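Dear colleague,

Please find the structure below, handed over for your use. My notes on it follow directly after.

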Amino acid sequence: MASVPLRLRDHSYDVLIGPGVRTSLAEVVGRLGAARAVVVSARPAEWVPDTGVETLLLPARDGEQDKTLTTVEALCREFVRFGLTRSDVVVSCGGGTTTDVVGLAAALYHRGVAVVHLPTTLLAQVDAAVGGKTAVNLPAGKNLVGAYWQPSAVLCDTDYLSTLPRREMRNGYGEIARCHFIGAPDLRPLPLADQIAASVALKARVVEADERDAGLRHVLNYGHTLGHALEKATGFALRHGEAVAIGTVFAGRLAGALGRVDRARVTEHQDVVSSYGLPTALPAETEPAALLPLMRHDKKAIGGLAFVLDGPQGAELVDDVPHDVVARVLDEMPRAPLADLVDVVDVAAPAATTAAARS
Ligand SMILES: NC(=O)c1ccc[n+]([C@@H]2O[C@H](COP(=O)([O-])OP(=O)(O)OC[C@H]3O[C@@H](n4cnc5c(N)ncnc54)[C@H](O)[C@@H]3O)[C@@H](O)[C@H]2O)c1
Ligand SMILES: [Zn+2]
């Protein structure tokens, strides 16, 4: 089992990673001094560990459709009915959509009640459940209403991943792959739990340095400017991690075109992304020119087109990248039919991944 600390000025917690770590929940709840717990779970009841205190189990559904203020209100109403107080605890068990919506409910209930996350997707374990950002969607867009609310612990039980569909594993690998270019060592040869621990450790260091997105936290958006545009352009036919993977390959090429990195580093982007079994080409159905305006709407864009790009000082936010360079690098990207991109074979995925993906 790995334990990754996340230390902030007024709040610190540990992220535990490994098989069976969910059984630490009762100890965590005991340490918090909570008398009652509400567990909101999108997974079967038998997947929810004992809390050690009087518990209300609320079933939930993963998915963007329930990541709404309506769900937040419904949860808070149940918290009141159960008599949950400010010194009690809320527990989330599910994918990133569930940890996000439950995290926001915990942030708002009594102006903040302790929350413990039990993420059950690879993406939620390496990214969504760690770092304290919570949000829900509005019809106008994703994650438009939210709060910073750090959990009191995160238990990344890798046993949960044994039932995760292969494509959801790949979704999480998109975020692991981008760690290679924002300060993590080469994680490819490592077992899955170590890859998760290293990705969490990287995110923890970034969040410690910039909890509220004032600067450094931007590096976590490596590959995301094109990634977000591709998600929208394909009507979300690409999973987030798949789109980020293609965005990461593009970020390498763009950094190369701007003279920020050498040819070998550009190739390394392609190699790393493909060795995680992730797509590296633009969908043939998407017109490169149609992606430009979508990238302009990315929330990182302050003036012109902004990208997090690799360079001599490592990854950093680069503002005002000339449109013509972006357009040219997009045009030069390899292309492949969308159907092929979302069905990439896991070429060199580590044994643990392949086993989990098959089951
Ligand atoms: N707060 C943050 O910092 C942050 C960071 C990244 C992403 N996010 C959010 O995370 C969300 C995406 O999370 P996600 O990719 O986990 O999506 P998700 O929660 O929709 O789960 C993906 C799918 O996996 C299924 N699933 C979950 N656990 C499973 C398991 N153990 N076995 C089998 N199936 C399982 C779900 O039912 C769902 O169909 C987005 O809403 C995104 O905005 C938040
Ligand atoms: Zn992401």
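Strands β5 (residues 89–94) and β6 pair in the parallel sense, with six bridges between them. Please note that the model is a predicted one. Within this pairing, V90 has V115 of β6 as its bridge partner. Together with α3, the two strands β5 and β6 form a β-α-β unit that is right-handed.

Strand β6 covers residues 114–119, and six of its six residues are buried. Its side chains divide between two directions: A114, V116 and L118 point one way, V115, H117 and P119 point the other way, and all are buried. Strand β6 also runs parallel to β9 (residues 153–157), to which two bridges join it. One pair in that contact is H117 with V154, the latter being its bridge partner in β9.

The loop between α3 and β6

Two residues of this loop deserve a remark on their backbone angles. As background, most residues other than glycine have a negative phi. H110, which lies in the loop between α3 and β6, has a positive phi of about 50° although it is not a glycine. R111 is placed in the loop between α3 and β6 as well, and its phi, near 60°, is also a positive value in a residue other than glycine.

Are these two residues buried or exposed? H110 is partly exposed, because 14 other C-beta atoms lie within 10 Å. R111 counts as exposed, because it has 7 C-beta neighbours inside 10 Å. The cut-off that decides the second case is 12 or fewer such neighbours for an exposed residue.

The surroundings of ligand 1

Ligand 1 is surrounded by 25 residues, and the closest are G95, G96, T97, T121 and A128. The elements that give two or more residues to this shell are α3 (96–108), α4 (122–128), β8 (141–148) and α5 (166–179). In terms of class, the shell holds five nonpolar, 12 polar and eight charged residues.

Helix α5

Helix α5 was checked for its length and for its burial. At 1.5 Å a residue, its 14 residues should span 20 Å, and its end C-alpha atoms are 20 Å apart, so the two values agree. Of the 14 residues of α5, 12 are buried, and the helix is therefore largely enclosed by the rest of the structure. The buried residues in α5 are E168, M169, R170, N171, G172, Y173, G174, E175, I176, A177, R178 and C179.

The hairpin of β1 and β2

Strand β1 (residues 2–7) and strand β2 (residues 12–18) run antiparallel and are joined by six bridges. A hairpin of four residues connects β1 to β2. R7 stands opposite S12 of β2.

Domains and selected distances

The domain assignment of the protein chain gives two entries, domain 1 (2–164) and domain 2 (215–354). How far apart do the C-alpha centres of domain 1 and domain 2 lie? The separation of these centres is 30 Å.

- V145 lies in strand β8 and counts as partly exposed, because it has 14 C-beta neighbours inside 10 Å. V145 and R9 are 136 residues apart in sequence, and their C-alpha atoms are 25 Å apart in space.
- A193 belongs to helix α6 (residues 192–209). With 19 C-beta neighbours inside 10 Å, A193 counts as partly exposed; the cut-off for a buried residue is 20 or more. The C-alpha atoms of A193 and G112 are separated by 31 Å, and the two residues are 81 residues apart along the chain.
- T85 is found in the loop between α2 (69–82) and β5. T85 counts as partly exposed, because it has 13 C-beta neighbours inside 10 Å. From C-alpha to C-alpha, T85 and A34 are 9.0 Å apart in space, and in sequence they are 51 residues apart.

With kind regards

Conventions. Residues numbered from 1 in each chain as written. Chains lettered and ligands numbered in written order. Predicted model: local features only at pLDDT ≥ 70, side-chain atom pairs only at ≥ 80, totals over all residues. Near = placed C-beta within 6 Å. Nonpolar A, V, L, I, M, F, W, Y, C, P; charged D, E, K, R; others polar. Pairing = 2+ DSSP bridges. Right-handed = clockwise from strand over helix to strand, strands pointing away. Domains from an automatic or database assignment. Expected span 1.5 Å × (residues − 1).
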